[in-house]
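Thanks for coming, everyone. Let me put the model on the screen, and we'll walk through its spaces and its contacts.

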Amino acid sequence: MASKTIEDVLFPGIDVRVEGVSDSSGILVVGAVSTARPGRCPNCRKEARRVHSTYQRSLDERPLGLCRVVVRLRVRRYFCDRGSCSRATFVEHVPGLSARYRRSSTGLVGWLRSIAIELGGRPAARLCRRLRLAAGRTRLLRLLTAPTVPDRAPRVLGVDEFAFRKGCTYGTVLVDVEAGRVVDVLPGRTSETFAAWLKEHPGAETVCRDRASSWPASPWP
Ligand SMILES: [Zn+2]
């Protein structure tokens, strides 16, 4: 049987090399360095050639056993050499691990988003506390906001409602079931709002609702 490296276990398929693992007051600190190809400038998409500097980012990662895990990831800042580009430098991201403006790993954000979709605000925050995942209610709800809403609905569209606060404000989460990601978040939970959304975003072949709700069973517009 081929032996596995620590990278295979902790970061499968991700371009990093683990430089060390240490314990800091019960937190497992994994030192890692990016081995990804030079990144592309987020403005002009030109591939970088010159390294400006390196620095260390701290990313909360999914826990291992009873330990919280923090990845200290060394990433590179690159020059953008395209003269016409307004951006002088940019920081690389490691696909599958780090993303712009995020202090948590991509894997942890995926977990938190799934928990928020399933449970909504307060119950999600309670479960996260029990699982030792650092995420409050506000942060979980913010994760439900989709970055860009596609023009067309996904083929299989999941519809679920959640409460911002019990008995108070409701919202509706629309999910691309096949891709497993949030597509949009609608205010309220009336079928009119959803019908209007479907009219503006055609393409859904199947609509599934996970939990009992105020939606009529049929017909869908
Ligand atoms: Zn550029």
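Start with the lining of the largest cavity. Strand β3 gives the largest share of that lining, four residues. This is a predicted model, by the way. β3 spans 51-64, and β4 spans 67-79; each of these two strands supplies at least two residues of the lining.

Which residues line the largest cavity? They are D60, E61, R62, P63, R68, V69, L108, R132, L133 and A134. Sort them by class. Five are nonpolar, five are charged, and no polar residue takes part. The space inside is about 70 Å³. The structure holds two cavities of 30 Å³ or more.

How do we find such spaces? Rolling a probe the size of a water molecule over the atoms shows where empty space is left.

Now look at the charged residues in that lining. D60 and R68 are both on the list. Their side chains meet in a salt bridge, 3.2 Å from N to O. Is R68 buried or partly exposed? R68 has a relative accessible area of 36%, so it counts as partly exposed. D60 is at 22%, so D60 is partly exposed too. The cut-off for buried is under 20%.

Next pair. E61 and R62 also line the cavity. Their side chains form a salt bridge at 3.1 Å, N to O. Here the two partners fall into separate classes. E61 has 10% relative accessibility, so it is buried. R62 has 29%, so it is partly exposed.

Let me step over to another salt bridge. E205 and R155 meet through their side chains, at 3.2 Å from N to O. What does this pair tie together? E205 sits in the loop between α5 (191-200) and β9 (206-209), and R155 sits in the loop between α4 and β6 (156-163), so the bridge ties together parts that are 50 residues apart in sequence. E205 is exposed, because its relative accessibility is 59%. R155 is partly exposed, because its value is 40%.

How many salt bridges does the structure hold? Eight. R17, E19 and R74 are linked in a network of them.

On to the largest pocket. Its space is about 450 Å³. It is lined by 20 residues, and the closest to its centre are G39, R40, V91, E92 and H93. By class, the lining has nine nonpolar, three polar and eight charged residues. β3 supplies at least two residues here, and so does β5, at 89-91.

V91 is in strand β5. Is V91 buried or exposed? V91 is buried, because its relative accessible area is 16%. Now pair V91 with G39. The two are 52 residues apart in sequence, yet 8.1 Å apart in space, C-alpha to C-alpha.

A quick look at the backbone. S25 is not a glycine, but its phi is positive, about 50°. S25 lies in the loop between β1 (16-24) and β2 (27-34). With 73% relative accessibility, S25 is exposed. R45 is another such case. Its phi is positive as well, about 70°, and R45 is not a glycine either. R45 is in the loop between β2 and β3.

Now the surface. Which residues form a nonpolar patch there? L119, L127 and L131 do, with about 210 Å² of accessible area together. L131 is in the loop between α3 (121-130) and α4 (137-143). At 39% relative accessibility, L131 is partly exposed.

Last, the overall layout. The protein has five helices and nine strands. Along the sequence, the order is α-β-β-β-β-β-α-α-α-β-β-β-α-β. There are 221 residues, and 37% of them count as buried.

To recap. The largest cavity has about 70 Å³ of space, and its largest lining share comes from β3. Thanks, and I'll take your comments now.

Note on methods: Residues are numbered from 1 along each chain as its sequence is written. This is a predicted model: local features need pLDDT of at least 70, side-chain atom pairs count only at pLDDT 80 or more; totals for chains, interfaces and linings use all residues. Side-chain values use heavy atoms; hydrogens and water are left out. Patches are made of residues with over 30% relative accessible area and no salt bridge: like charges are joined within 9 Å, nonpolar side chains (Val, Leu, Ile, Met, Phe, Trp, Tyr) within 5 Å. Accessible areas come from the Shrake-Rupley method with a 1.4 Å probe; for residues, only the protein chains shown count as cover. A salt bridge is a side-chain nitrogen of Lys or Arg within 4 Å of a carboxyl oxygen of Asp or Glu. Buried means under 20% relative accessible area, exposed over 50%, partly exposed in between (1.4 Å probe, protein chains only). On a 1 Å grid over the protein atoms alone, a cavity is a set of points where a 1.4 Å probe fits but cannot get out, and a pocket is an open set with protein on both sides within 12 Å along at least five of seven lines; lining residues have an atom within 4 Å of a point. Grid points are joined across faces, edges and corners, and a volume is the space filled by probe spheres set on the points. Ala, Val, Leu, Ile, Met, Phe, Trp, Tyr, Cys and Pro count as nonpolar, Asp, Glu, Lys and Arg as charged, and the others, Gly among them, as polar.
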